[in-house]
Amino acid sequence: LVDLAYGDLFALARQRDQPSKLRSYWRAYVERFPKGRFIDDARAGLCRSLGGDAEVRCWASYLRDRPDGTYRAHAESIVRAGKLPGQ
């Protein structure tokens with residue numbers, strides 16, 4: 001039930017335009033549920049919130065931990081380029 005409740009927290013923070021709360025929920029979720037139902041979305045959200053080299057490192061970590069993850073193609077393109085698209 002707690003796993004599902006995080007999904008609601010993510011949605012509420014997004015609806016209320018509270019990016020710092022959303023990031024803190026993602027971090028807490030990743031720590032508590034490393035194999036949870038929302039793990040790919042939480043990890044992707046964290047990575048996207050970083051920017052620059054930190055984001056590239058985050059996506060590389062995502063690929064190591066989730067080689068068949070939902071965001072694999074996106075992560076591979078960022079890591080392969082070594083930078084964010086458009087930079």
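Which cysteine does the disulfide join to cysteine 47? The points below take up that link and then the charged side chains of this predicted model.

1. The partner is cysteine 58, with an S to S distance of 2.1 Å. Searching the whole structure gives 1 disulfide. Cysteine 47 belongs to helix 3 (residues 39-50) and cysteine 58 to helix 4 (residues 52-65), so the link ties together parts that are 11 residues apart in sequence. The angle about the S-S bond is -80°, and the link is left-handed.

2. Cysteine 47 has 0% relative accessibility and counts as buried. Cysteine 58 is buried as well, at a relative accessible area of 16%.

3. The whole structure contains 4 salt bridges. One of them pairs the side chains of aspartate 40 and arginine 66, at 2.8 Å from N to O. Aspartate 40 is in helix 3, while arginine 66 is in the loop between helix 4 and helix 5 (72-81), so this pair ties together parts that are 26 residues apart in sequence. Aspartate 40 is buried, with a relative accessible area of 10%, whereas arginine 66 is partly exposed at 25%.

4. Arginine 43 and aspartate 65 also meet through their side chains in a salt bridge, 3.0 Å from N to O. Here helix 3 supplies arginine 43 and helix 4 supplies aspartate 65, so the pair ties together parts that are 22 residues apart in sequence. Arginine 43 is buried, its relative accessible area being 11%; aspartate 65, at 48%, is partly exposed.

5. Within helix 5, glutamate 76 and arginine 72 lie 4 residues apart, about one turn of the helix. They form a salt bridge in which the closest N and O atoms are 4.0 Å apart. Glutamate 76 is partly exposed at 32% relative accessibility, and arginine 72 is partly exposed at 34%. A network of salt bridges links Asp68, Arg72 and Glu76.

6. Aspartate 3, in helix 1 (residues 2-15), deserves a separate look. What is the nearest side chain of opposite charge to aspartate 3, and how far away is it? It is arginine 37, at 4.2 Å. A salt bridge requires a side-chain nitrogen within 4 Å of a carboxyl oxygen, and aspartate 3 is buried yet has none. Its side chain does make a polar contact with the side chain of tyrosine 29, at 2.6 Å. Leaving out residues up to four places away in sequence, aspartate 3 touches Tyr29, Phe33, Gly36, Arg37 and Phe38.

Terms used: Residues numbered from 1 in each chain as written. Predicted model: local features only at pLDDT ≥ 70, side-chain atom pairs only at ≥ 80, totals over all residues. Heavy atoms only, no water. Disulfide = S-S within 2.5 Å. Helix = DSSP H or I, 4+ residues; strand = E, 2+ residues; numbered from the N terminus. Buried < 20%, exposed > 50% of the residue type's maximum accessible area, 1.4 Å probe, protein only. Lys, Arg positive; Asp, Glu negative; His and termini not counted. Polar contact = N/O pair within 3.5 Å; in protein donor to acceptor, adjacent residues only side chain to side chain. Contact = heavy atoms within 4.5 Å.
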